[in-house]
Amino acid sequence: GVQWEKIRAAGVSSYFDSVVVSGDFPWEKPDVRIFEHSLRLVGAEACQCVMVGDSFDTDICGGVDAGLAGTIWMTRARERKREKVSNDDHVHCVIESLLELPDVLKQMQSQGGSHSL
């Protein structure tokens, strides 16, 4: 599907223990069953993981509903001004590029240790 093509084009799959694409399942994000499946794949508890995603409504809200330790929203600078970001404490961090992700994850690990989904 389209998401797998994006993952292959970005060349990022080797950086993760597993990659889960919601389109491969009968449920759609933000259904918590997708997050629970991901947790089982990596053998982790929700409190040990963060969600990195570009959709507030499906990725961020889904990660919060699944009880993950944190969420990282990858979005464009102009979207940061959206009221839901400034007024929503569910977003742990906002990044504009995947290049920022290693530093953010290192910072989060130093504050309590977490895996990433």
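Modeller: Happy to, and let's start at C49, which is buried, with a relative accessible area of 0%. Buried means under 20% relative accessible area, exposed over 50%, and partly exposed in between, using a 1.4 Å probe and protein chains only. Before going on, please keep in mind that this is a predicted model, in which local features need pLDDT of at least 70 and side-chain atom pairs count only at pLDDT 80 or more, while totals for chains, interfaces and linings use all residues. Residues are numbered from 1 along each chain as its sequence is written, and side-chain values use heavy atoms, with hydrogens and water left out.

A search of the whole structure turns up zero disulfides, a disulfide being a pair of cysteine sulfur atoms within 2.5 Å. C49 is therefore in none, and the nearest cysteine sulfur, that of C47, is 8.0 Å away.

Now to the strand. β1 covers residues 49–53 and pairs with β2 in the parallel sense over four bridges. Strands pair if DSSP finds at least two bridges between them. Strands (E, at least two residues) and helices (H or I, at least four) are DSSP runs, numbered from the N terminus. G53 has W73 as its bridge partner in β2. Strand β2 itself, residues 70–74, is mostly covered, with four of its five residues buried.

Next comes helix α3, which spans residues 56–65 and has F56, D59, I60, G62 and G63 buried. In an α-helix there are 3.6 residues a turn, so residues three or four places apart point the same way. After α3 comes G67, whose phi is positive, near 80°.

A salt bridge here is a side-chain nitrogen of Lys or Arg within 4 Å of a carboxyl oxygen of Asp or Glu. D59 is buried at 3% relative accessible area, while K29 counts as partly exposed at 24%. The whole structure has two salt bridges. In another of them, D31 meets R33 at 2.7 Å, N to O. D31 is partly exposed, with a relative accessible area of 21%, and R33 also counts as partly exposed, at 40%.

To place all this in the chain, there are five helices and four strands. Along the sequence they follow the pattern α-α-β-α-β-α-β-α-β. Of the 117 residues, 29% count as buried. Taking contact to mean heavy atoms within 4.5 Å, residues 24 or more positions apart account for 35% of the contacts with a separation of 6 or more.
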